[in-house]
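Welcome to this short briefing on side-chain contacts. Please take a look at the sequence and the model, and then read on for the aromatic and charged pairs.

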Amino acid sequence: MKWDPSSMTLDQLAATRFGGHGGRLGIRFHARAADWIELALPYSNALIGDEASGVIASGPIIAMMDMATSFAIWNRIKTFVPQATLDLRIDYLRPARPGHTVIGRAECLRVARSIAFTRGIAHDGDLNDPVAHVAATFMIPSGQYPRLSPTQVDAEPQA
């Protein structure tokens, strides 16, 4: 399946409904650029982990960041490929503010033959005041990610 968010309007992306776990959590597209993509996790009473404080549980944020980092790879390679999360590390810096949508911004750092590396930030309105930092590594079960064009390789950030 061809999936090229760079040629899709934000309205088209926003109209895409997630199935499964992401759909149940209410995760949706938020924004994107050539080198990053954002998903949104709207605040919901069903997602509260601590009723006394009204803070969203960590599980839905972890799920959103797993999805966002995966989508960042597809945003980079301009196509959908099945992939598996090998490693997902989330460092929480503070709780999300009750009543606020949590935004997950992710970027793909590098795509190798069968492994892709990503990083991201979850925030609730201020990118400079993150809720959490994330680093994730994915693999492609079919053996090899689609090769990037020379232009994409030249534009690849250096580690």
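A residue counts as buried under 20% relative accessible area, as exposed over 50%, and as partly exposed in between. At 25%, Asp129 is therefore partly exposed. Please keep in mind that this is a predicted model. The structure holds 3 aromatic pairs and 7 salt bridges, and the points below walk through several of them.

**Aromatic contacts**

- A search of the whole structure turns up 3 aromatic pairs. In one of them, the ring centres of Phe71 and Trp74 are 4.9 Å apart and the planes meet at 85 degrees, so this pair is edge-to-face.
- Phe71 and Trp74 both belong to helix α3 (residues 58-77), where they are 3 residues apart, about one turn of the helix.
- Both of these residues, Phe71 and Trp74, are buried; for Trp74 the relative accessible area is 10%.
- Trp74 also pairs with Phe80: the ring centres are 4.6 Å apart and the planes lie at 55 degrees, so this pair is tilted. Phe80 is partly exposed, at 30% relative accessibility.
- Together, Phe29, Phe71, Trp74 and Phe80 make up one aromatic cluster.

**A charge over a ring**

- Arg105 sits over the face of Trp36, at 3.6 Å from the ring centre.

- Side chains of opposite charge can pair when their charged atoms come close.
- Arg94 and Asp129 form a salt bridge, with their closest N and O atoms 3.2 Å apart. This pair links distant parts of the chain, 35 residues apart: Arg94 is in the loop between β5 (84-92) and β6 (102-111), while Asp129 is in the loop between β7 (115-123) and β8 (132-139).
- A network of salt bridges links Arg94, Arg97, Asp124 and Asp129.

**Other salt bridges**

- Glu107 and Arg119 form a salt bridge whose closest N and O atoms are 2.5 Å apart. Glu107 lies in strand β6 and Arg119 in strand β7, so the pair ties together parts that are 12 residues apart in sequence.
- Glu107 is partly exposed, at 24% relative accessibility, and Arg119 is partly exposed too, with a relative accessible area of 43%.
- Asp91 and Arg89 meet through their side chains in a salt bridge of 3.0 Å, N to O. Here Asp91 is partly exposed at 32%, whereas Arg89 is exposed at 52%.

Technical notes: Residues are numbered from 1 along each chain as its sequence is written. This is a predicted model: local features need pLDDT of at least 70, side-chain atom pairs count only at pLDDT 80 or more; totals for chains, interfaces and linings use all residues. Side-chain values use heavy atoms; hydrogens and water are left out. Rings of Phe, Tyr and Trp (its six-membered ring) pair if their centres lie within 6.5 Å; planes under 30 degrees apart count as stacked, over 60 as edge-to-face and the rest as tilted. Helices (H or I, at least four residues) and strands (E, at least two) are DSSP runs, numbered from the N terminus. Buried means under 20% relative accessible area, exposed over 50%, partly exposed in between (1.4 Å probe, protein chains only). A charge sits over a ring if NZ of Lys or CZ of Arg is within 6 Å of the ring centre and within 35 degrees of the ring normal. A salt bridge is a side-chain nitrogen of Lys or Arg within 4 Å of a carboxyl oxygen of Asp or Glu.
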